[in-house]
Amino acid sequence: MKHLLDTASLDRDDIDELMELTDAFVEVSQRPIPKVPTLRGRTVALLFYEDSTRTRLSFETAAKRLSADTMTFGVSGSSVTKGESLRDTALTIEAMGVDAVVVRHRSSGAPHRVASWIDASVINGGDGWHDHPTQGLLDCYTLRARLGSLTGRRIAIVGDVKHSRVARADVWAFAALGAEVVLVAPPTLLPPSVEGWPVTVAHHLDDVLGSVDVVALLRMQRERTTEALIPSLREYTARYGLTVARARRLGENAVIMHPGPMNRGVEIAPEVADDPRAVIVDQVRNGVALRMAVLFRLLGAEARSAPAVVDLPAEPAEAVRA
Ligand code: CP
């Protein structure tokens with residue numbers, strides 16, 4: 001695997017391998033010094049054309065825990081504000097010597113374009129409405145940690161599917177692991193067609209609550225003019241929000257997910273976000289180890305297996321302080 005651009009290209013074996021690697025890096029992350037020398041001498045560039053907290057910081061943390069150097073790029077303060085193109089920016093960063101580039105961009109397909117221009121590995125950190133593969137994979141990992149296996153599990157993905165790269169990433173990753181996915185949204189917040197997607201569709205959250213193992217909520221994307229597609233946020237919450245009353249109808253072992261950032265009180269009630277069945281903090285925590293696994297898979301020695309990762313020595317304390 002050279003690039004990670006979407007989850008639809010991954011099969012069950014690919015995902016299982018990344019889950020096993022993530023197990024190993026969770027163990028590394030729990031060490032007193034959570035750092036291994038695996039990617040020493042490698043450089044990971046973070047090319048973020050769109051805002052991010054979780055993805056940017058967790059990739060940066062993941063790279064540093066693998067002893068890679070990092071190069072962080074944000075549009076504000078860069079020569080993009082002077083009109084420099086994405087291609088010229090990518091070539092400029094590559095000329096400085098990078099092994100991997102994480103790309104977040106408002107345009108679907110931007111990471112694919114970058115991958116066609118440079119030799120370094122490219123990881124899609126979220127592109128437009130298209131995909132967010134590391135989010136899909138960390139969601140798989142988090143569910144496996146809670147449920148054991150996704151095979152036969154029924155997962156409702158609820159909300160603004162139309163604009164959601166997380167929904168697309170989750171659909172293909174969950175389905176590859178044998179889950180049954182139901183999209184729950186008003187017609188205006190669904191893509192024009194889901195033909196070919198491994199999903200069923202429902203329009204009423206109340207109809208599916210009694211039959212699902214997982215409720216994966218999506219953020220209402222106000223920056224993508226979502227509000228024009230619903231009568232009001234209040235009505236959206238009344239019909240699709242995971243309220244306290246609706247959460248009571250879920251089983252005691254049900255799992256509640258949200259990729260963040262949350263609109264508390266819109267798609268999820270504040271109390272439900274803090275419910276013991278909610279794994280929202282676990283998703284963030286697992287995101288670091290999952291991204292270590294992805295960087296290792298793309299840049300580390302291909303022949304190394306998960307046990308070999310666990311056996312890697314921690315950095316000496318002196319070196320870490322330096
Ligand atoms: N879930 C997610 O992608 O969050 P950020 O936009 O903060 O990276």
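This is a predicted model: local features need pLDDT of at least 70, side-chain atom pairs count only at pLDDT 80 or more; totals for chains, interfaces and linings use all residues.
**Helix H11 and its partners**

Two packed helices are described by the angle between their axes and the distance between the axes. Helix H1 covers residues 12-29, and helix H11 covers residues 280-299. The axes of H1 and H11 are 8 Å apart, and the two helices pack at an angle of about 120°. H1 and H11 are therefore oblique to each other. Their crossing is right-handed. On the H1 side, the contact is made by Glu17, Leu18, Met19, Leu21, Thr22, Phe25, Val26, Val28 and Ser29. On the H11 side, Asn286, Ala289, Leu290, Met292, Ala293, Val294, Phe296 and Arg297 take part. Sorted by class, the residues of this contact are 12 nonpolar, 3 polar and 2 charged.

Helix H2 also packs on H11: the axes come within 8 Å and cross at roughly 55°. That angle makes H2 oblique to H11. The crossing of H2 and H11 is right-handed. From H2, the residues that meet H11 are Arg54, Thr55, Ser58, Phe59, Thr61, Ala62, Ala63 and Arg65. Their partners in H11 are Val284, Gly287, Val288, Arg291, Met292 and Leu295. This contact has 7 nonpolar, 4 polar and 3 charged residues.

Glutamate 27 belongs to helix H1. Glutamate 27 lies 262 residues from alanine 289 in sequence, while their C-alpha atoms are 8.8 Å apart in space.

Buried means under 20%, exposed over 50%, and partly exposed in between.

| Residue | Relative accessibility | Class |
|---|---|---|
| Serine 67 | 12% | buried |
| Glutamate 27 | 30% | partly exposed |
| Glycine 126 | 0% | buried |
| Threonine 43 | 12% | buried |

Threonine 43 sits in strand S1, which spans residues 43-48. Apart from neighbours within four places in sequence, threonine 43 is in contact with Asp69, Met71, Gly97, Val98, Asp99 and Ala100.

Glycine 126 is part of strand S4, residues 121-127. With neighbours within four places in sequence again set aside, glycine 126 is in contact with Val103, Arg104, His105, Asp131, His132 and Arg165. Aspartate 69 is 57 residues from glycine 126 along the chain, and their C-alpha atoms are separated by 22 Å.

Most residues other than glycine have a negative phi, and most peptide bonds are trans. The model contains an exception to each of these patterns.

Serine 67 has a phi near 70°, a positive value in a residue other than glycine. Serine 67 is placed in the loop between helix H2 (54-65) and strand S2 (69-74). A polar atom of the serine 67 side chain lies 2.7 Å from the backbone oxygen of valine 36. With 12% relative accessibility, serine 67 counts as buried.

The peptide bond from glycine 260 to proline 261 is cis, and its omega is near -5°. Proline 261 is found in the loop between strand S9 (255-257) and helix H10 (270-273).

Definitions and conventions
Residues are numbered from 1 along each chain as its sequence is written. Side-chain values use heavy atoms; hydrogens and water are left out. Axes are lines fitted to C-alpha atoms, for helices over the stretch in contact, and angles run from 0 to 180 degrees between N-to-C directions. Helices (H or I, at least four residues) and strands (E, at least two) are DSSP runs, numbered from the N terminus. Angles under 35 degrees count as roughly parallel, over 145 as roughly antiparallel, 65 to 115 as roughly perpendicular and the rest as oblique. A crossing is left-handed if the near helix is turned anticlockwise from the far one by less than a right angle, and right-handed if clockwise. Contact means heavy atoms within 4.5 Å. Ala, Val, Leu, Ile, Met, Phe, Trp, Tyr, Cys and Pro count as nonpolar, Asp, Glu, Lys and Arg as charged, and the others, Gly among them, as polar. Buried means under 20% relative accessible area, exposed over 50%, partly exposed in between (1.4 Å probe, protein chains only). A polar contact is a pair of N or O atoms within 3.5 Å; within protein, one must be able to donate a hydrogen and the other to accept it, and residues adjacent in sequence count only if both atoms are side-chain atoms.
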